[in-house]
Amino acid sequence: MKKYLFILWTIVMTVTVNAQIMNPVHFTSELKTGEGAEAEIVFHATIDNGWHVYSTDLGDDGPIEATFNVVKMDGAEPVGKLIPKGKEIKKMDKLFDLELKFFENEATFVQKIRFTKPDYEIDCYLEYGACSDASCLPPSEVALKQKGKSPIVTTAPKPEDPVQREKPEETPIAAADTTQTTPLATPMETTDDLWAPVVDELRSLGSGEDLANQSLWWLLLMGFVAGLLAVCMPCIWPIIPMTVSFFLKRSKNDKQRGIRDAFTYGLSIIVIYLALGLLVTALFGSDTLNAMSTNAVFNVFLFLLLVIFALSFFGWFEIKLPDSWANKVDAKASETSGLVSIFLMAFTLVLVSFSCTGPIVGMLLVQTTTTGNWLAPAMGMFGFALALALPFTLFATFPSWLKSAPKSGSWMTTLKIVLGFIELAFAFKFLSVADLAYGWHILDREVFLSIWIMIFALLGAYLVGWLKFQVDEIGGELNKPMPVLCIMGGLASLAFAVYMVPGLWGAPCKAVSAFAPPMSTQDFNLNPKIVEAEYHDYESGMAVARAQGKPVFIDFTGYGCVNCRKMEAAVWADARVADKLRNDYVLISLYVDDKTPLKEPMVVTDEQGRQKTLRTVGAKWSYLQSHKFGANAQPFYVALDPTTGKPLTGSRGFNEDVQAYMDFLNQGLRNFGK
């Protein structure tokens, strides 16, 4: 667990210091052979001042250690472990509570190998971690690829050598993937035109709606609503009148100053939370966000995190930051004056209210970091902070409003428990993403719906007064009837649970289609109207379309794509759209988060001219979308000519207007007919 925390801290510290690409470690690699059967693979690093590279054998709870990894090794085999050489520094680290080993200025790592055949082919890499006192690099690699004639093996294997006894000479040692790394152009020489970029053609035809801009406005609204909910938490609401009164009394002879201080206080809250959003924004590029959004470890971690948040809202325990943090900041605020003092007061509020706002902020950041839009966390945090700061400035400007504001009471506990149920429901959405991407099949659609039915049925039972929590008993509210507003909300929650029941037999349930797994995972389905792509491979689908003389409709989608599920339930379920997709087009759905390993890894060059290796099916389709169409958001729809690979009309993103979608499909058919 410490290692995952270190990786997250590594990225945070890297971007905090400098958001630009840093390259403080300069590696070379070579294969040193002699006259005998043994040789050495040598990785040598020159390290910039102030940086260090970690050594080997640091343990699972330590930072990123240097490791030797094999992609393919034919005609040779590793002998022993990776050996670090140079001036190794040992130092006790408080973060990990263990002794770390690292190198400064330069480092050398040596892996011994033994040749087993006259010809050899080696494809391997060294993975390492590097840090300075202020920042760290994410795990990095330096590769070595070489093949040739090996020295003549004249020395008979020693009988006491356990490596030779256990592994016959003719058996090569390889990593999990023993295939040759193949450039993208090699397997696609005959279909090169199908991968040729068509970005300019799409622009001239007029691309569809900008999904990114629509998502940003939605996330801003979602953050604002989350901020309003946070205001109503027991850690925030009682503080508002005290804080406003403090500002007004502090400047009783100058009312304008009191209002100005309250505005500064609210602005400070916005700055603090916006800085958090900008930090997360700077952490991840679009490729990293797409990878994280379907990474099993990341999504399972988010699932567990939201479950913990939900349990804290249920009153089972309280999540809070150390009291010393708030005390120190509060002391600093008392010692200073002016704008700095007000800013530190706002920071104290953020720390003190963490037990209430932390789960809400956490859920908001979780949702925004998995959208694939790099500005999303900043927009979400801005909306949240704006709503949180609004009451302080409004009540300071209009003090008489405080008299009519609701008093603190049991309604805050009720709100916390309701939010706990909502966070619990969202938790299973992230577990579902990991389940779909890796094909575990533990949370298919009917299982997911069953869990949601139970969650919202229990929420309804709580709101109408049938279910009680321990915090209700502590607050003396155990036998008190629920307010009319709560009972109405409870009935709505129960109705929502009943609404989802037909989904167990294949009903579309459009209201939850964005969160539930796709209909294809349903084992028992009585709905004949669903549209499913017959082809999930680009080249195969294009070949079939050429043979049938039909245009191609490409659907770039993802198992974790919320808006993709919305489009399938709201638009593809329409009988007219379904008929067009089934009969007039060859539909190809390409999942950009499919974790199935490629038979042969592909080496490609990205938009920055850097080489990267594609090892999964999803990575291949993600590269196709960015390389050919200049886009990386899903859903992304485009109609193509199967012979030339050229677009028949502009692309289209998320938009639930069925008629506009029909016009889009018909335009593609007309252009294909021409």
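## Packing of H20 and H22

At roughly what angle do the axes of helix H20 and helix H22 cross? In this predicted model, the axes of helix H20 (residues 575-584) and helix H22 (residues 658-673) cross at roughly 25° and come within 10 Å. Because angles under 35 degrees count as roughly parallel, H20 and H22 are described as roughly parallel to each other, and the crossing in which H20 passes H22 is left-handed.

On the H20 side, the contact is made by Arg-576, Val-577, Lys-580, Leu-581 and Asp-584, while H22 contributes Val-658, Gln-659, Tyr-661, Met-662, Leu-665, Asn-666 and Leu-669.

## Nonpolar cores

The largest nonpolar core has 34 residues, of which Phe-421, Phe-428, Trp-452, Ile-455, Phe-456 and Met-500 touch the most other members. At least two residues of this core are supplied by each of helix H8 (296-313), helix H14 (410-438), helix H15 (445-463) and helix H17 (484-500). Apart from this core lies another, of 29 residues, including Ala-39, Phe-43, Ala-107 and Val-142.

With its neighbours within four places in sequence left aside, Met-500 is in contact with Leu-449, Trp-452, Ile-453, Phe-456, Cys-509 and Val-512.

## Ser-432 in H14

Helix H14 also holds Ser-432, which counts as buried because its relative accessibility is 2%, the cut-off being under 20%. Leaving aside neighbours within four places in sequence, Ser-432 is in contact with Leu-443, Phe-448 and Pro-517.

Technical notes. Residues numbered from 1 in each chain as written. Predicted model: local features only at pLDDT ≥ 70, side-chain atom pairs only at ≥ 80, totals over all residues. Heavy atoms only, no water. Core = buried A, V, L, I, M, F, W, Y, C linked by side-chain atoms within 4.5 Å. Buried < 20%, exposed > 50% of the residue type's maximum accessible area, 1.4 Å probe, protein only. Helix = DSSP H or I, 4+ residues; strand = E, 2+ residues; numbered from the N terminus. Contact = heavy atoms within 4.5 Å. Axes fitted to C-alpha atoms, helices over the stretch in contact; angles between N-to-C directions. Parallel < 35°, antiparallel > 145°, perpendicular 65-115°, else oblique. Left-handed = near helix turned anticlockwise from the far one by under 90°.
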